[in-house]
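Subject: Structure for your files

Hello,

Here is the structure you are taking over. My notes come after it.

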Amino acid sequence: MYFPGSVTFTIADSQGNVLLKDVDTLIGKGCRENIRLFSISNQQSDAQLRIHSGRLQYHFDIMHEMHTT
């Protein structure tokens with residue numbers, strides 16, 4: 001995937017804890033809340049598309065579930 005206007009990305013565990021620590025300043029409270037809600041239930045989460053403010057501008061988060069083996 002390619003998102004030319006994207007600012008950052010991160011990876012979180014199944015409890016919503018951000019695993020990439022060097023992006024802390026770009027992953028704000030609203031983003032972290034979206035990640036947490038998505039981790040609880042990615043099927044019925046209100047985090048699916050929620051516009052919120054950020055350090056740079058209003059935005060929305062794109063999240064996708066990933067599995068490792």
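Below is what was found, starting with the whole chain and ending with single residues.

This is a predicted model, in which local features need pLDDT of at least 70 and side-chain atom pairs count only at pLDDT 80 or more, while totals for chains, interfaces and linings use all residues. Residues are numbered from 1 along each chain as its sequence is written, and side-chain values use heavy atoms, with hydrogens and water left out.

Whole chain

The protein chain has 1 helix and 0 strands (DSSP runs, H or I of at least four residues for helices and E of at least two for strands, numbered from the N terminus). It has 69 residues, and 20% of them count as buried (buried is under 20% relative accessible area, exposed over 50%, partly exposed in between, with a 1.4 Å probe and protein chains only). Among contacts with a separation of 6 or more, 24% are between residues 24 or more positions apart (a contact means heavy atoms within 4.5 Å).

Surface

Leu 49, Ile 51, Tyr 58, Phe 60 and Ile 62 make a nonpolar surface patch of about 630 Å² (patch residues have over 30% relative accessible area and no salt bridge; like charges are joined within 9 Å, and nonpolar side chains, namely Val, Leu, Ile, Met, Phe, Trp and Tyr, within 5 Å). Leu 49 lies in the segment after helix H1 (29-40) and is exposed, at 61% relative accessible area.

Salt bridge

The structure holds 1 salt bridge (a side-chain nitrogen of Lys or Arg within 4 Å of a carboxyl oxygen of Asp or Glu). Arg 36 and Glu 33 form it through their side chains, at 2.8 Å from N to O. The two are 3 residues apart in helix H1, so about one helical turn separates them. Arg 36 is partly exposed at 35% relative accessible area, and Glu 33 is partly exposed at 28%.

Ser 14

Ser 14 sits in the segment before H1 and is exposed, with 54% relative accessibility. Its side chain makes a polar contact of 3.0 Å with that of Gln 15 (N or O atoms within 3.5 Å; within protein, one must be able to donate a hydrogen and the other to accept it, and residues adjacent in sequence count only if both atoms are side-chain atoms). Ser 14 and Arg 36 are 22 residues apart in sequence, with 8.6 Å between their C-alpha atoms.

Regards

Terms used:
Areas by Shrake-Rupley, 256 points an atom, 1.4 Å probe, with all protein chains shown as cover.
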